[in-house]
Amino acid sequence: MAKKKSGNVEFAPRGIGDEKSGAVQKGVDLPAATKSKHKDLGLSAAKLKAMYEQMYLQRRFEERAMQQYQKGKFGGFLHLYIGQEAISTGTTFALNDDDDIITAYRDHGWGLCRGITPSEGMAELFGKATGCSRGKGGSMHFAKAENHFWGGYGIVGGHIPIGGGLAFANKYEQNGRISTCFFGDGAVDQGALHETFNIAQLWKLPAIFVVENNGYSMGTAARRHTVADIVDRADGYGMKSAVINGMDVFSVYEKMKEIADDVRKNSEPWFVEIRTYRYRGHSMSDPQKYRTKEELEEYQKIDPIERLKTYILENDIAKEAALEKIEEKVEQEVLDAVEFADNSDFPKDEELYEDMFVEDDPYFHT
Amino acid sequence: MAELQFREAIKAAIDEEMAKDEKVLIMGEEVAEYNGAYKTTEGLLDKYGYKRVIDTPISELGFAGIGVGAAMNGLRPIVEFMTFNFAVLAADQIINHASKVKYMTGGQIDCPIVFRGPNASAGQLGATHSVAYDSMYAHFPGLKVIYTSEPDDAKGLLKSAIRDDNPVLFMESEQMYGLKGEVSDEEDYIIPIGKGKIKREGEHVTLVAHGKMYHLAVQAAKELAKDNVECEIIDPRTVKPLDLPLIIESIKKTNRCVILDEAHPFGGLAAEVGFLIQREAFDYLDAPVQRVTLPDVCAPFAKNLFDLWYPSVKQVVDAVNQVTYRN
Ligand SMILES: Cc1ncc(C[n+]2csc(CCOP(=O)(O)OP(=O)(O)O)c2C)c(N)n1
Ligand SMILES: [Mg+2]
């Protein structure tokens, strides 16, 4: 018989209030950004401006969406991507247009990158028939399958195996396409990730699994919900891996391009940890007591959109006025999108029963 | 009697049982430092500390199973799911392990665990966040399933669930957490599992309704009373074991029945209760039993479709009119 122990027992690590010497806690440690200039990366001035426009669009789209939500124009969940736009933008510019993308519910930015128009996106938020998912999905389920954007998914970790399955089909068909699957740091703790990684490595699936580590899973800091550095998971599977600074679009673009080339050539999976930060609460009803204002401000100081803007101006790629023109154009597009969504019709009653089965007149139990 | 919100009644039940028994602990996503995603565990971390109020990673299968193992090994865990829609990931532990371990070890091992959290739809949250799982779990031998409608029931039944030596699923609703109601302040207030309650007496038709559907039944009964149709409302409170005698007694009086169920129609509670009524009270029925359920379709996001999808007072009134041949 072992002797009974005495002393304090605890399980989950403690959160804020526990840090030393009043230092500002950091949600994630960002690795150094790339030193490469746009020319080293093969990015033209036009491409840079397009990147800027894309990031600015995502930001303004969501800021307007938040406003409309607060006005009561639509309900349900609204998870904002604000702060993380360099990841969607850098990635989509690095991939081929027919490579697959699948993500979690924080999906607006991804959808806009993959050709969901601001109007189709806003209308989806409003639950209108003109939305990208015909009002059936809402904020969490933006999708544009024809552009190989397979959508946003609401069960944490649920789409990780599906990302592997997209890659499986590409390998099966030998079509040269690769698949990318994005998820949050919270999803790393799901068993689905581990099962998928093992199979993906064993079967050499052409997939890139990417954790967008924004430091928090709802109200739980990453160090309170997961052990070690997330990226180290790859080692256990002998999977290639990388860590990227997600607050810098050049870093994302450069590394994702390199990795995509490798996956396309060798048909082997990668696990990539992109570190980033979400500025807003988890969703619209989050008092955010788990982090400090100071911490948030640390990351807002290195805002990815401002960073690109500064680069463009300092390197004389475009004048302030030219960027302002882009901003005005985007602003108008987003306002038009709100108007479009507002004026669009809700789905017709009979659409409740559409999209369940492939048949025109399927069986429904009553 | 004290007026409590649903969430306060749940918290009070957990608090009282934790105070009484050192072996009781609670774990789940955001239950500790965040004070609960829906604040049903507010203040418990401060009171009981990090040992007994435990934040988990988003690993439903893992922490549900850790709960099962801990229960087998002498503790009495309460495992909170942010919703039962996410407990689907933990279904293996609930269905293949918690429910079966006692039987397959010839009675050697008990599994006194409570799995709890909100069930069913909570508004426009889309297809994956809107399913009612009470009937599904009730299908499996070895599980007790509770889905209450009012704070008083919640408190008394949750306390029973925590004390029960079997695995119990205790279901709540995001949309009811703010609901207020009188809760008995009797010391150590316990409602036995398996006992339903007649919550409104009436002579013309029996409405069987639990969980959120109970409140729909109340509204429908009010409407119908204006037309002098008096509904008797039975809230089974516990889905399994089901208080069939209470339902049958009522049918013998009213001779008509409408069942409300927040699940899809195929094989749900409404199907089961309907079958039992015809088996036990066939000769007393003056009309075929009707039911109001969700349609056989996923939850849509769009507001108008959602409203169409979700059971309505009008559907209940129509069903009552049908069984009373008033249309
Ligand atoms: C299986 C499952 N469990 C719990 C939830 C509730 N939930 C939604 S998002 C979330 C946090 C996820 O955090 P993370 O993966 O880091 O993504 P982020 O929100 O930071 O983008 C939780 C717990 C869910 N949707 N699915
Ligand atoms: Mg996160």
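Predicted model: local features only at pLDDT ≥ 70, side-chain atom pairs only at ≥ 80, totals over all residues.
View 1. The largest cavity has a volume of about 50 Å³, and its lining is made up of A:Gly15, A:Ile16, A:Gln25, A:Tyr216, A:Gly219, A:Ala221, A:Arg223, A:Arg224, A:Tyr290 and B:Glu33. Sorted by class, the lining of the largest cavity comprises four nonpolar, three polar and three charged residues.

**View 2. The second largest cavity, with lining residues from chains A and B.** A volume of about 40 Å³ is found for the second largest cavity. Chain A contributes A:Gly76, A:Phe77, A:Gly137, A:Gly138, A:Ser139 and A:Met140 to the lining of this cavity, while chain B contributes B:Gln124, B:Leu125, B:Gly126 and B:Phe301.

**View 3. The interface between chain B and chain A.** Contacts across this interface involve 35 residues of chain B and 48 residues of chain A. The two chains bury about 3,500 Å² between them, and 65% of that area is on carbon and sulfur atoms. Within chain B, the residues that lose the most area to chain A are B:Tyr50, B:Ile58 and B:Phe301, which together account for 20% of what that side buries.

View 4. By class, the lining of the second largest pocket consists of eleven nonpolar, eight polar and eight charged residues.

**View 5. The magnesium ion (ligand 2) and its donors in chain A.** The magnesium ion (ligand 2) is coordinated at 2.1 Å by A:Asp185 through OD, by A:Asn214 through OD1 and by A:Tyr216 through O. Along the sequence, the donor residues of this ion follow the spacing D-x28-N-x1-Y. A:Asp185 sits in the loop between strand S3 (179-184) and helix H6 (191-202) of chain A, and A:Asn214 in the loop between strand S4 (207-213) and strand S5 (216-217) of chain A, so the pair ties together parts that are 29 residues apart in sequence. With a relative accessibility of 1%, A:Asp185 counts as buried, and A:Asn214, with a relative accessibility of 6%, counts as buried as well. The donor residue A:Tyr216 is also one of the residues that line the largest cavity.

**View 6. The surroundings of B:Val292 in chain B.** B:Val292 belongs to strand S14 (residues 290-292) of chain B and counts as buried because its relative accessibility, 4%, falls under the cut-off of 20%. Leaving aside residues up to four places away in sequence, B:Val292 touches B:Val258, B:Ile259, B:Leu260, B:Asp261, B:Pro311, B:Gln315, B:Val316 and B:Ala319. The C-alpha atom of B:Val292 is separated by 8.1 Å from that of B:Ala270, a residue 22 residues apart from B:Val292 along the chain.

Definitions and conventions. Residues numbered from 1 in each chain as written. Chains lettered and ligands numbered in written order. Heavy atoms only, no water. Nonpolar A, V, L, I, M, F, W, Y, C, P; charged D, E, K, R; others polar. Donors = N, O, S within 2.8 Å, 3.2 Å for Na, K, Ca; no water. Helix = DSSP H or I, 4+ residues; strand = E, 2+ residues; numbered from the N terminus. Buried < 20%, exposed > 50% of the residue type's maximum accessible area, 1.4 Å probe, protein only. 1 Å grid on protein atoms, 1.4 Å probe; cavity = no way out; pocket = protein on both sides within 12 Å on 5 of 7 lines; lining within 4 Å. Points joined across faces, edges and corners; volume = space filled by probe spheres on them. Contact = heavy atoms within 4.5 Å. Buried area = accessible area lost by both parts, 1.4 Å probe.
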